[in-house]
Amino acid sequence: MTAIGADLRRGPFGEGERIQLTDPKGRLHTITLGAGKQFHTHRGYLAHDDLIGAPDGSTVKNTAGVEYLALRPLLSDYVMSMPRGAAVVYPKDAGQIVTMADVFPGAVVVEAGVGSGALSMSLLRAVGEEGRVHSFERRADFADIAMANARAFFGLDHPAWSVTIGDLVEELPEVVEPGTVDRVVLDMLAPWECLDVVADALAPGGVLICYVATATQLSKVAEAMRDKGAFTEPNAWESLVRGWHLEGLAVRPQHRMHGHTGFLITTRRLAPGVTPPLRKRRPGGGYDVEVDEVEAWSPEALGERIPSEKRVRRVRKTVTAGRVTTTVTESSPS
Ligand SMILES: C[S@@+](CC[C@H](N)C(=O)[O-])C[C@H]1O[C@@H](n2cnc3c(N)ncnc32)[C@H](O)[C@@H]1O
């Protein structure tokens with residue numbers, strides 16, 4: 001059995017392939033190769049025929065002598081330059097999702113929504129031809145964009161993929177048998193609305209991972225997972241990736257970075273009838289509390305540590321007596 005798109009990912013450039021050109025200023029241009037076609041800029045043009053049949057990683061000059069490096073885009077390059085309906089999951093988060101949700105070859109995965117198909121492609125890569133990705137998307141126009149993006153990348157409709165148009169809550173029970181899904185990935189505004197159908201679909205021990213953009217969504221979905229009673233205690237995190245500038249002696253972090261993409265939260269399905277083990281934690285305000293209930297915004301509700309009266313008295317005594325000694329474990333920028 002051949003891996004989908006493997007022949008599109010090796011060998012010389014072929015007609016109809018999407019390739020990426022890097023100009024001398026580092027700007028990227030994506031073109032689809034066609035016999036007899038030309039790539040024009042304000043400084044000359046180059047013939048696609050000079051690239052068709054050339055090996056991946058070739059350089060070509062245009063009519064003005066400007067040199068371009070031609071490479072077949074990696075999945076991460078492709079996702080960042082492909083046409084979008086909805087905002088995409090960035091490659092750094094897609095990598096986290098595949099690894100932290102343990103999406104394995106042959107897995108049965110449910111995904112909603114599909115959006116532009118960026119995450120779907122990483123999931124399909126991870127499950128392979130013998131796995132299954134059941135994706136759900138409310139908007140038919142977004143699903144069309146996603147399917148066209150994936151088809152252009154894999155070279156054909158991926159055999160492990162099915163896309164259902166409609167709301168996950170209504171469609172999921174129609175598409176999968178209860179307790180048969182290994183992994184569920186939700187990238188949508190209100191994942192907490194889907195927890196009942198997700199809990200029914202997941203096999204015991206199966207992983208649910210949600211990608212949300214704001215802290216308020218994160219809090220709401222975490223509380224809903226706990227209230228559902230069918231899941232383990234959730235874990236949440238975000239990942240920050242900072243590129244580095246590498247030039248001569250100027251080896252340092254880049255000045256610009258994507259400061260925020262989204263938060264990830266995972267939990268696992270308990271066996272049917274099992275309730276989550278009691279967990280000792282400080283009392284905290286549930287998400288349901290009204291924001292104008294002043295008491296809800298107490299330090300306890302916000303998870304802040306309250307120093308003991310004794311400690312405060314000791315610190316006060318030390319400070320007012322001018323006997324302050326500070327230990328700094330790491331130097332901080334001034
Ligand atoms: C941010 S986009 C997903 C982007 C996608 N993960 C990607 O990487 O390209 C969120 C999508 O979820 C869809 N959606 C929201 N709630 C849904 C639901 N309950 N069922 C199915 N799709 C839903 C929206 O229509 C939207 O297209």
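**Note on the predicted fold**

1. Gly113 is found in the loop between β7 (108-112) and α3. Helices here are DSSP runs of H or I with at least four residues, strands are E runs of at least two, and both are numbered from the N terminus. A cis peptide bond, with omega of about -15 degrees, links Ala112 and Gly113.

2. The model is a predicted one, in which local features need pLDDT of at least 70 and side-chain atom pairs count only at pLDDT 80 or more, while totals for chains, interfaces and linings use all residues. Residue numbers start from 1 along each chain as its sequence is written.

3. The shell around the ligand holds 23 residues, of which Ala86, Gly113, Gly115, Ala118 and Met188 come nearest; a residue is near a molecule or strand if its C-beta atom, placed from the backbone, lies within 6 Å of it. Two or more residues of this shell come from each of α3 (118-127), β8 (132-137) and α5 (168-175). By class, the shell has 14 nonpolar, four polar and five charged residues. In this division, Ala, Val, Leu, Ile, Met, Phe, Trp, Tyr, Cys and Pro count as nonpolar, Asp, Glu, Lys and Arg as charged, and the others, Gly among them, as polar.

4. Helix α2 (residues 91-100) packs with α3 at an angle of about 40 degrees, and their axes are 10 Å apart. Axes are lines fitted to C-alpha atoms, for helices over the stretch in contact, and angles run from 0 to 180 degrees between N-to-C directions. The angle therefore makes α2 oblique to α3 (under 35 degrees is roughly parallel, over 145 roughly antiparallel, 65 to 115 roughly perpendicular, and the rest oblique).

5. The contact of α2 with α3 comprises six nonpolar residues, one polar and no charged ones.

6. An open sheet of seven strands runs in the order β9-β8-β7-β10-β11-β15-β12, with mixed pairing (two strands pair if DSSP finds at least two bridges between them). Its edge strands, β9 (161-165) and β12 (235-237), each have a single partner, so one side of each lacks a neighbour in the sheet. Neighbouring strands of this sheet are turned against each other by 15 degrees on average, direction ignored. Six bridges pair strand β11 (residues 202-212) with strand β15 (residues 263-268) in the antiparallel sense, and Ile209 has Thr266 in β15 as its bridge partner.

7. Helix α2 lies across β10 (181-187), β11 and β15, and runs at about 10 degrees to β15. Helix α4 (residues 140-154) packs on the sheet and touches β8 and β9, its direction making about 165 degrees with that of β9.

8. The four-stranded open sheet has the order β2-β1-β6-β5 and antiparallel pairing. With β2 (28-32) and β5 (58-61) at the edges, each has a single partner strand, so one side of each is left without a neighbour in the sheet. On average, and with direction ignored, its neighbouring strands are turned by 35 degrees against each other. β5 and strand β6 (residues 67-71) run antiparallel, joined by four bridges, with Val60 opposite Tyr68 in β6.

9. Strand β1 (residues 18-22) and β2 also run antiparallel, joined by five bridges; Arg18 stands opposite Thr32 in β2. Their hairpin has five residues between the strands, and Gly26 in the hairpin takes a positive phi near 85 degrees.

10. Although not a glycine, Asp102 has a positive phi of about 55 degrees.

How values were computed. Two residues are in contact if their C-beta atoms, placed from the backbone, lie within 7 Å.
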